[in-house]
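User: Hi! I have a protein open on my screen and would like to walk through its fold with you. Could you help me get my bearings?

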Amino acid sequence: MFPSPARDAPRHRTTTLCAARFSDTIHRVASAVRQTAGYAARPKRVSPLYTGDQHRRYGMITSLSNPKVKSAITLRESRGRRRSGLFLIDGRREIERALDGGIRLVSLFIDAERRTRRGNPEPLEELVLNGTTILPVSTTVFEKIAYGERNEGVVAVAEIPERSLETLVLSKVPLLGVIEGLEKPGNVGAIFRAADGAGIDALILADPNGDPFHPHAVRASSGTVFHLPCAVAGARNAIDWLTDRKVCIAAARCDGAVPYTEYDFSQPTAIVLGTEAEGLSDAWKGSGVQPISLPMRGIADSLNVATAAAILFYHAKLVREKYLEKSEKSESYT
């Protein structure tokens with residue numbers, strides 16, 4: 001005899017209802033056992049930036065004609081960054097430091113094929129993205145967005161933060177770096193990294209020909225561009241701003257009259273450097289500006305600007321530490 005759907009329907013409903021009640025009972029018993037044993041409720045996990053199967057849910061972008069992809073590619077050039085107010089952050093470490101520095105991410109491109117091939121061996125840390133859009137893309141598309149050869153499979157699009165003199169907050173005895181007319185992004189990033197390492201209070205980019213949010217500058221800075229206070233201004237405005245705040249100006253020049261080792265860095269000071277080809281403009285001449293020099297003992301007439309900046313930054317901090325140590329000893333004797 002063949003089963004009759006009409007005749008067997010009540011039995012089927014009864015079986016389903018019993019199974020559901022049994023499952024609910026098991027769940028309640030398990031919860032009670034956990035509470036009796038003293039297990040604390042587990043906190044709700046924040047969704048990771050990317051898991052291996054997200055491209056199945058969101059859809060992997062494979063076309064270079066996709067509007068979001070085309071917009072991201074334009075951010076590799078300074079014109080695209082100026083027009084949009086956005087920039088690219090390439091790499092896990094840099095993205096994490098950007099978030100720590102309060103940078104707002106707009107979108108996150110993930111090389112879905114790369115992570116699938118590797119079995120997603122490096123899950124990204126669980127971070128609160130505040131509405132960041134996750135965009136899984138193919139490897140071909142990702143390579144057009146990413147900058148350089150170090151492919152970590154993740155590139156973020158972020159908002160360029162405000163960088164004006166008014167945003168800088170100075171200490172009682174500030175030590176600042178001023179870089180005029182710098183163009184090469186590698187040098188910009190290296191100077192940020194040196195300033196951060198030495199403990200410089202802030203950097204001022206005077207009449208820059210490049211920007212600190214060039215992908216190569218961000219990479220060369222090791223993410224310090226997101227943490228070190230920075231402002232962009234014209235040279236004349238920067239001089240007036242420093243003078244109004246009684247900050248002494250030490251301008252590094254090949255023909256500087258005072259060797260850097262003889263300058264008094266214990267006072268509020270801004271160390272100013274220019275490009276390797278042109279040096280500093282005439283705006284940094286005249287009263288209120290002290291030319292200093294790094295002696296060159298070989299055939300070269302100057303150092304790479306990032307190298308010179310590192311030497312001056314670290315020397316200035318060393319002078320200050322010795323000065324403070326001496327002052328503390330003098331106070332202890334009185």
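This is a predicted model: local features need pLDDT of at least 70, side-chain atom pairs count only at pLDDT 80 or more; totals for chains, interfaces and linings use all residues.

User: Nice list. Which residues touch the most other members of the largest nonpolar core?
Analyst: Ile89 is one of them, along with Ile191, Phe226, Leu273 and Phe313. That core has 47 residues.

User: Which helix gives the most to this core?
Analyst: That would be α11, spanning residues 305-333, with seven residues. The core also draws on both domains: at least three residues come from domain 1 (54-159) and at least three from domain 2 (165-326).

User: What about a second core, which residues does that include?
Analyst: There is a separate one of 22 residues, and Val178, Ala238, Trp241 and Ile249 are among them.

User: Back to the strands. In what order do the four strands of the open sheet come?
Analyst: The order is β1-β4-β2-β3, with mixed pairing. β1 (86-90) and β3 (133-137) are the edge strands, each pairing on one side only. On average, neighbouring strands in this sheet are turned by 20° against each other, ignoring direction.

User: Which helix packs on that sheet?
Analyst: Helix α3, residues 67-74, packs there and touches β1, β2 (105-111), β3 and β4. The direction of α3 makes about 105° with that of β2.

User: And β1 with β4, parallel or antiparallel?
Analyst: Antiparallel, over five bridges, with β4 covering residues 154-159. Within that pairing, Asp90 stands opposite Val155 in β4.

User: Remind me what holds paired strands together in general?
Analyst: Strands of a sheet pair through backbone hydrogen bonds, in either a parallel or an antiparallel arrangement.

User: New topic: β8. Is that strand mostly covered or mostly open?
Analyst: Mostly covered: β8 runs over residues 248-252, and four of its five residues are buried.

User: Which strands does β8 pair with?
Analyst: One partner is β10 (residues 269-273), in the parallel sense over four bridges. Another is β11 (residues 289-293), which also runs parallel to β8 and is joined to it by four bridges. To find your way on screen, look for Ile249 opposite Ala270 in β10, and for Ala251 with its bridge partner Pro291 in β11.

User: I'm looking at Gln290 in β11. Is that residue buried, partly exposed or exposed?
Analyst: Gln290 counts as partly exposed because its relative accessible area is 29%, which lies between the cut-offs of under 20% for buried and over 50% for exposed.

User: What is Gln290 in contact with, neighbours within four places aside?
Analyst: Ile249, Ala250, Ala251, Val258 and Tyr263. Gln290 and Ile271 are 19 residues apart in sequence, and their C-alpha atoms are 9.9 Å apart in space.

User: Let's zoom out. How many helices and strands are in the protein?
Analyst: Eleven helices and eleven strands. Of the 334 residues, 40% count as buried.

User: How much of the contact set is between residues 24 or more positions apart?
Analyst: Among contacts with a separation of 6 or more, 83% are between residues 24 or more positions apart.

User: Last one: what does the accessible surface come to?
Analyst: About 19,300 Å², with 52% of that belonging to carbon and sulfur atoms.

Methods: Residues are numbered from 1 along each chain as its sequence is written. Side-chain values use heavy atoms; hydrogens and water are left out. Two strands pair if DSSP finds at least two bridges between them. Helices (H or I, at least four residues) and strands (E, at least two) are DSSP runs, numbered from the N terminus. Axes are lines fitted to C-alpha atoms, for helices over the stretch in contact, and angles run from 0 to 180 degrees between N-to-C directions. Contact means heavy atoms within 4.5 Å. A nonpolar core is a set of buried Ala, Val, Leu, Ile, Met, Phe, Trp, Tyr and Cys residues joined through side-chain atoms within 4.5 Å. Buried means under 20% relative accessible area, exposed over 50%, partly exposed in between (1.4 Å probe, protein chains only). Domain bounds come from an automatic or database domain assignment. Accessible areas come from the Shrake-Rupley method with a 1.4 Å probe; for residues, only the protein chains shown count as cover.
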